[in-house]
Amino acid sequence: MPAFKSDFLRTMSERGFIHQTSDDAGLDTIFAKETVTAYIGFDATAKSLHAGSLIQIMMLHWLQQTGHRPIALMGGGTSMIGDPSFKDEARKLLTPQDIEDNLAGIRRNFMPYLKFGSGPNDAVMVNNADWLMEINYVNFLRDVGRHFSVNRMLAFDSVKLRLDREQSLSFLEFNYMILQAYDFVELYKRLGCRLQMGGSDQWGNIINGIDLGRRMEDAQLYALTTPLLTTSSGAKMGKSASGAVWLDAEMLSPYEFWQYWRNTEDADVARFLKLYTTALLHGRAAAEQASDTARKTFEEGALAESLPTVEVDKTALETGVGILSLLVTAGLAASNGEARRHVQGGAVRLNDEPVSDERRLVTPQDLSPENVVKLSLGKKKYILIRPI
């Protein structure tokens with residue numbers, strides 16, 4: 001990795017964000033001389049982004065911290081198609097209302113990390129539906145489509161790997177890379193955007209945008225991608241045993257988010273500390289409360305009310321709920337079979353007492369004075385069961 005002179009690229013390099021750039025020297029020069037506008041696109045595939053997207057948000061955060069202007073591009077238009085890059089099959093098509101609902105949630109994910117406004121390096125949030133939904137198809141083919149070589153598009157790994165596996169790639173999906181390239185050109189024309197950033201899987205799409213910008217606007221545009229990020233054991237970032245690690249506090253509590261990072265493998269700690277700062281998302285107070293909850297739970301064996309809570313029907317509890325069913329309800333097991341294996345392996349505790357009988361029923365007699373049942377799996381996963 002070269003020794004960068006600009007604050008942004010030096011920070012990105014030192015913290016491990018850079019996988020590839022289209023022009024190290026050229027990019028370093030413009031960052032050292034001017035306020036650079038750069039963007040990352042986010043499609044609206046769910047009501048929240050998850051921890052796997054956090055590396056991209058942190059890039060925008062550092063871009064702003066070093067005096068430059070970030071654009072968070074909402075994919076209201078491209079979400080109508082779905083990015084096929086390195087996917088085994090087409091994404092489920094979302095309705096316009098699905099996309100709008102998801103965008104409303106995703107926009108909130110950025111607020112702790114970026115300052116939005118009208119200042120020279122205030123962040124900007126735009127939606128590519130503003131131009132993509134207004135495209136005249138024939139004009140688009142003449143003005144934009146003529147610049148793309150199908151032979152070259154087929155050679156990109158994101159497309160080639162899928163075709164090599166003889167998995168269908170629809171014409172709808174094939175157009176995605178053209179639309180993403182066009183986004184780059186539109187942002188250059190509208191906001192003077194010179195750089196697109198993204199994960200390493202987006203390299204081909206970004207390069208298409210650079211080439212299109214040169215052909216249509218005679219513009220010098222740039223690319224910067226981050227490495228594919230996995231844990232030392234090979235797990236994909238943003239996923240946990242119980243599902244996605246959402247950034248939205250309503251979809252995943254601050255405690256559970258904190259615990260995801262607290263459970264980081266030792267080999268990953270230094271690397272992740274350079275890439276992420278968890279107190280940014282939910283605030284310092286929530287991070288400290290999560291830490292306090294963990295200390296009380298794991299070190300003192302106390303019952304912390306801020307532990308994740310699952311509500312169950314009081315009537316069902318009165319007749320007795322099977323421990324296997326309760327583990328599934330609490331999200332500690334995906335099936336009764338998995339729950340049974342956890343019990344047989346000695347990993348399950350009820351109110352801190354080991355459970356060895358897979359037919360064990362949980363009843364009102366198991367409720368604590370606080371009217372909850374404490375259910376745990378292993379040494380790190382604790383759930384409160386509360387009757388309603």
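Author: The following account takes up the aromatic pairs in turn and then turns to an open sheet. The model is a predicted one. Across the whole structure, a search finds four aromatic pairs. Because tyrosine 39 belongs to strand 2 (residues 37-43) and phenylalanine 184 to helix 10 (residues 176-191), the pair ties together parts that are 145 residues apart in sequence. Tyrosine 39 is buried, its relative accessible area being 1%. Phenylalanine 184 likewise counts as buried, at 0% relative accessibility.

Another of the pairs joins phenylalanine 42 and phenylalanine 110; this pair is edge-to-face, with 4.9 Å centre to centre and 75° between the planes. Here, too, distant parts of the chain are linked, since phenylalanine 42 is in strand 2 and phenylalanine 110 is in helix 4 (residues 96-110), 68 residues apart. Phenylalanine 42 and phenylalanine 110 are both buried.

Five strands make up an open sheet with mixed pairing, in the order 9-15-14-11-12. Strand 9 (309-312) and strand 12 (353-354) each have a single partner strand and stand at the edges, so one side of each is left without a neighbour in the sheet. Strand 12 runs antiparallel to strand 11 (residues 348-350), and two bridges join them. Leucine 350 has glutamate 353, in strand 12, as its bridge partner.

Technical notes:
Residues are numbered from 1 along each chain as its sequence is written. This is a predicted model: local features need pLDDT of at least 70, side-chain atom pairs count only at pLDDT 80 or more; totals for chains, interfaces and linings use all residues. Side-chain values use heavy atoms; hydrogens and water are left out. Two strands pair if DSSP finds at least two bridges between them. Helices (H or I, at least four residues) and strands (E, at least two) are DSSP runs, numbered from the N terminus. Rings of Phe, Tyr and Trp (its six-membered ring) pair if their centres lie within 6.5 Å; planes under 30 degrees apart count as stacked, over 60 as edge-to-face and the rest as tilted. Buried means under 20% relative accessible area, exposed over 50%, partly exposed in between (1.4 Å probe, protein chains only).
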